[in-house]
Amino acid sequence: MGKRAEPFDVTLEVDFGPANKPAVRQVVQVKRGATPQDATAKVFPVEKGSVCCDPRETSAIGGVVADPATNKWWTVAINGSKKVSPYKTKLKSRDVVRWEYKQYGQ
């Protein structure tokens with residue numbers, strides 16, 4: 001029998017920006033193989049859908065929806081790096097997952 005994967009802690013930060021909801025920072029426990037979307041779903045309802053290119057994209061967090069018409073988008077970073085995928089990147093212990101809801105071109 002293989003080694004059982006123990007849950008580990010990651011820090012989740014969600015900045016709702018122009019949606020005017022309070023920002024959240026909390027530690028959540030996830031299992032090996034968890035993605036930024038999985039960690040976020042422990043705190044908020046997460047909706048997936050094609051916002052731009054892929055049906056696995058994060059289209060809404062906590063009821064705040066990405067809106068191409070007004071150029072408002074969810075972005076995600078892990079430990080400050082934005083070269084991540086919300087649905088592909090696997091988290092490691094003590095990672096900091098930061099989501100920001102931003103309006104571009106103001």
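Reader: T75 first. Buried or exposed?

Author: Buried. This is a predicted model, and in it T75 has a relative accessible area of 17%. The cut-off for buried is under 20%, so T75 qualifies.

Reader: Which strand is T75 in?

Author: Strand β6. That strand covers residues 72–78.

Reader: And what does T75 touch, leaving out residues up to four places away in sequence?

Author: K82, R98, W99, E100 and Y104.

Reader: How does β6 pair with β7?

Author: The two run antiparallel, joined by seven bridges.

Reader: What about β1 and β7, parallel or antiparallel?

Author: Parallel. β1 (residues 8–15) and β7 (residues 96–103) pair over five bridges. T11 stands opposite V96 of β7.

Reader: Remind me what holds paired strands together in general?

Author: Backbone hydrogen bonds, in either the parallel or the antiparallel arrangement.

Reader: Switching topic. What is the strand order in the open sheet of three strands?

Author: β3-β4-β5, with antiparallel pairing. β3 (46–48) and β5 (64–65) are the edge strands. Each has a single partner strand, so one side of each has no neighbour in the sheet.

Reader: How many bridges join β4 to β5?

Author: Two, and the strands run antiparallel. β4 spans residues 58–61. I61 sits opposite V64 in β5.

Reader: Now T58. Where does it lie?

Author: In strand β4.

Reader: Is T58 buried or exposed?

Author: Buried, at 8% relative accessibility.

Reader: Which residues does T58 touch, again not counting those up to four places away in sequence?

Author: Q37, V46, E47, V51, P86 and W99.

Reader: Which side chain makes a polar contact with that of T58?

Author: Q37. The two side chains are joined by a polar contact of 2.7 Å.

Reader: What separates the C-alpha atoms of T58 and T40?

Author: 10 Å. Along the chain, T58 and T40 are 18 residues apart.

Note on methods. Residues are numbered from 1 along each chain as its sequence is written. This is a predicted model: local features need pLDDT of at least 70, side-chain atom pairs count only at pLDDT 80 or more; totals for chains, interfaces and linings use all residues. Side-chain values use heavy atoms; hydrogens and water are left out. Two strands pair if DSSP finds at least two bridges between them. Helices (H or I, at least four residues) and strands (E, at least two) are DSSP runs, numbered from the N terminus. Buried means under 20% relative accessible area, exposed over 50%, partly exposed in between (1.4 Å probe, protein chains only). Contact means heavy atoms within 4.5 Å. A polar contact is a pair of N or O atoms within 3.5 Å; within protein, one must be able to donate a hydrogen and the other to accept it, and residues adjacent in sequence count only if both atoms are side-chain atoms.
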